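Dear colleague,

Please find below the structure that I am handing over to you.

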Amino acid sequence: MTLSPKMRTRMTVFWMLLPTFLILIGFYLFPTLYNLELSFSDITLLKLKKGGDFVGTTNYTEFLTSSSFRDIAINTVFWLTAISVSVRIVLGLLFALLLNSKFLKSMRLTTIARLMLLVPWATPPVVAVIAWRWLFDPTYGPINSWLISSGLISDPIAFTANLATVWPAIITIIVWNTTPLIGVSLLAALQTIPEDLNEAAAIDGANRWQQFRFITLPYLMPTISVLTLMSVIWTFNNFVYVWLTTGAGPGTFTNVLATEVYMKAFIDLRIGYSAAIGVSMAVVMAFFGAMYFRYFGLTEMQDKVG
Amino acid sequence: MRHHILTKLLLAGTVLAMGAGSVLADANLVFRFNDSERDEMRAALDEFEAANPGIKVELQTIAWNDARDQFLRESAVGQGPDVVHIAFVWTQEMAEAEAIMPLDELTKYGELPNGFDDFIATDLTMYEGKAYGLPWTADTWAMVYRTDVLADAGIDDLPTTWADLRKDSEIIKEKTGKTGFSFPAANQVWFPANYYLWSNGGSFIEADGNGGYKVGATREQIADDMNYFKGYIDDGLAPRSILSIDEPQDPALMQGLLDGSQAMALMPTNTYRQLLGAYEQAHPDEKIPFNSGIMMAGSQAPQTHLGGRTLAVNANTEHPEEAWKLVQFLSSAPIFEKYYTNQFPAQKSLLSKIEYRPEELGFAKEPGRSHPHLGCLCR
C-alpha cells in the first residue's frame, strides 16, 4: 500500500511525537490518574502493602467540611499567594524600571546591579530559608541585635513564632528569593519597547507617568500576565517556604494546602485523604488558569499593544 | 586426556564452591541510626565487623522527623535498611504495616542472653500476640538545676510543685536578674504541658472504653495548663524568644544553663548528659554545678512519660540472620559502656549495673507514666 505524501508527513510527525507522548503518559498522566485513584480510597502508609478500600468521595467531603478548611484556604489564597505574588510583581517591576533607568547607566552601575539582583534568585530555597531563619533568630539573629542596639525594641522578637510577624516573615523570604526572576523577565520585556515611542510621546507633551501608564505598562502587560499566572500556580502549590520556616506553625497558624498534604500523608499517614487534597489543589489551579486566560488572555494583551 | 579433564573439572568445581561459599558468608547490612552519636556508633560497628569478618555494616542516618514515613514508604516497595532504629511507639504500626519482622522468626538464629523479659516496655512491641522489635534505649524527661544560681538566689530546697517552680523563678529574677525556669515553647512544649496536665488529674486523650479515644481534660484544665507556661513569658520570667525554640537541646537553652544565666530546665536523659559533657569540657577542673530532680507535682503526684527506642529488622532484609546478630550486638552491655553512653539501656539487667552520677539521680528516680508497672529507671 502506498501512502499519499500528506499521509506520509502525518506518519512522520506521529512517530516523531510518539516518544514525547509516551514520556508524558508515563511521567505525568499515569501518576495523575494514580493519584486520582488513591483519593477515592482509604489507603494509609500502614496499608501500602495491603492496599486501601474504595470510599467514594468521603475524603473530599471530609476535607471540604473540616473545621480547619477555612483557615487553610485563607492562608493559602490570601497570605501565601495573593500577598506574596502582588508584592513580587510590584517589586519586580520597580527593580526592572530601576535597572533600565538612565540613572544607573550614567552611574555605570547597570551590570553590577543586575548581578546583585540575581544573587537571591541563584540561592536554593532551602539555603535561603535557613539563612533567613538565622537572620530572624531571636537569640543570635542580626535583625534582633540591630533592633535592640538601635533602641527600637527592648525584648527580641521571635519573628517566626509570633502570630503578628510570622506571615510577614515567610513572605519576606519568598519575595527575597523569587522577585529577581520577575525583575529580570520584566527587564527583558522593557528592553523591547521602541525608544522612539517614548520620544514621540514626550514631544506630544506626555509626562513620565503618562509615558509609563500608556506606553510602558501596556507593553509589559503580556509579560506581567504570564509571570502572574506562573507565580500564582507556583506559589499556591509551594511547600518549601512555609514548611522549612515554620513547619506550618505556630500550632497550625501558617498551615497551607501544600503543608496540609504533607502532614496528612506523612504525619497522619493518610495517603488517600492527602491525595484528595492534592487533586482539589490541581482542580482549583486549572480553574484559575482557565479563568485567568479568559479574562486576562495573552491574545487580548497582544491586541492592546497592537 | 581424561586426567586433564578431571583436573579441570575439579578446579572449576573448587572455584565455583569458593565463589558460592563467599556469597553465603558475605553480607552487606545497612543500619539506619538517627541519633547524633554517629562517630561513636561507627566505632561500635567497626568492632562488630572485626568480630564478624563476613558482615559489613553501612551506617545510615536520617532526621528523626522523617524516619517514620521514610521507612514505611521504603518497606512498602521492598526496600529499606536491614536494621532500623525506631521510636518505642512506632513499633506496633510498623508491625501492622508488615514492615518489620516478628522476633520469633529471628530468635531461631540465636536467643537473647537474658531473654525477652529482661527488656522494659515490651508491651509496646506487641502486635497481634507477637513481639516485633527489641527495646533498645529508655529515656524520660526530668528537671535540671543550676545549683550555683539557686544558691545565689538564696534557694536551698529544690522546688517540688509547679507552684514552687513559678515562685522560685520569681525569686531568681528578683534577686539575680537571671532566668529561673525556661523551656522550649514551640513544638515540644507538648512535653511539659502534658506533665502539668497529668499531675493535675487531666490528660489530653484517654481511652473511651470502646477501642477509641476521647479528650481527657476539661476546657478549664487545658486553659490552666496553657496559662501556666504562657505566664512565664507574659510576666517576663522567661525570654519571649523561647516561643521559637522547638527542642530542649536548642543551643539557646543549653547556653543559658552552661553560662549560668538560667537556673532551671527540663530535658531528656541524653540532652542532660550532653550538657554535663559540654560543661566538663569547658571547665575541666571545676565542680559540676548541676543537679537533677523529678518532675513537678500538681494537685496530684508528678508524672512524666517513659520513652525510648526500638531496634527492628526490616521484613524485606535478605540477611535476617546477620541482621539479628547485629541487633544482639547493639543490645549488649559494651555498647552502652563504651559507645552509646548518653543513653540508658532498655534492659533491666543493664540498668541495674549503671553507676549513676550524683547529679543524674533525678533521672534515675523519675517515674514512668506510660508504664507505671516499670516503676522507674532506678536500680
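Which residues have the most contacts inside the largest nonpolar core? They are B:Phe31, B:Met41, B:Val57, B:Trp136, B:Leu326, B:Leu330 and B:Ile335, in a core of 33 residues. A nonpolar core here is a set of buried Ala, Val, Leu, Ile, Met, Phe, Trp, Tyr and Cys residues joined through side-chain atoms within 4.5 Å; buried means under 20% relative accessible area, with a 1.4 Å probe and protein chains only.

Please note that this is a predicted model, in which local features need pLDDT of at least 70 and side-chain atom pairs count only at pLDDT 80 or more, while totals for chains, interfaces and linings use all residues. Residues are numbered from 1 along each chain as its sequence is written, chains are lettered from A and ligands numbered from 1 in the order in which they are written, and side-chain values use heavy atoms, without hydrogens and water.

To return to the core of 33 residues, helix 11 (320-330) of chain B gives the largest share, six residues. Other elements that each supply at least two residues include strand 1 (27-32), helix 2 (38-51) and strand 13 (307-313) of chain B. Another core, of 32 residues, lies apart from this one, and B:Phe183 and B:Met264 are among its members.

Chain B as a whole has 14 helices and 14 strands, taken as DSSP runs (H or I, at least four residues, for helices; E, at least two, for strands) and numbered from the N terminus. Of its 379 residues, 50% count as buried.

Chain B also holds an open sheet of four strands with mixed pairing, in the order 8-11-7-12; two strands pair if DSSP finds at least two bridges between them. Strand 8 (179-181) and strand 12 (290-293) of chain B are at the edges with a single partner strand each, so one side of each has no neighbour in the sheet. Strand 7 (residues 141-146) and strand 12 of chain B run antiparallel and are joined by four bridges. In this part of the sheet, B:Met143 is placed opposite B:Gly293.

In chain A, the unreviewed UniProt entry annotates a "transmembrane region" at several spans, including residues 77-99 and 111-136; such annotations may be inferred rather than shown by experiment. In the model, residues 77-99 of chain A are 100% helix, with end C-alpha atoms 31 Å apart. Residues 111-136 of chain A are 92% helix and 0% strand, and their end C-alpha atoms lie 30 Å apart.

With kind regards
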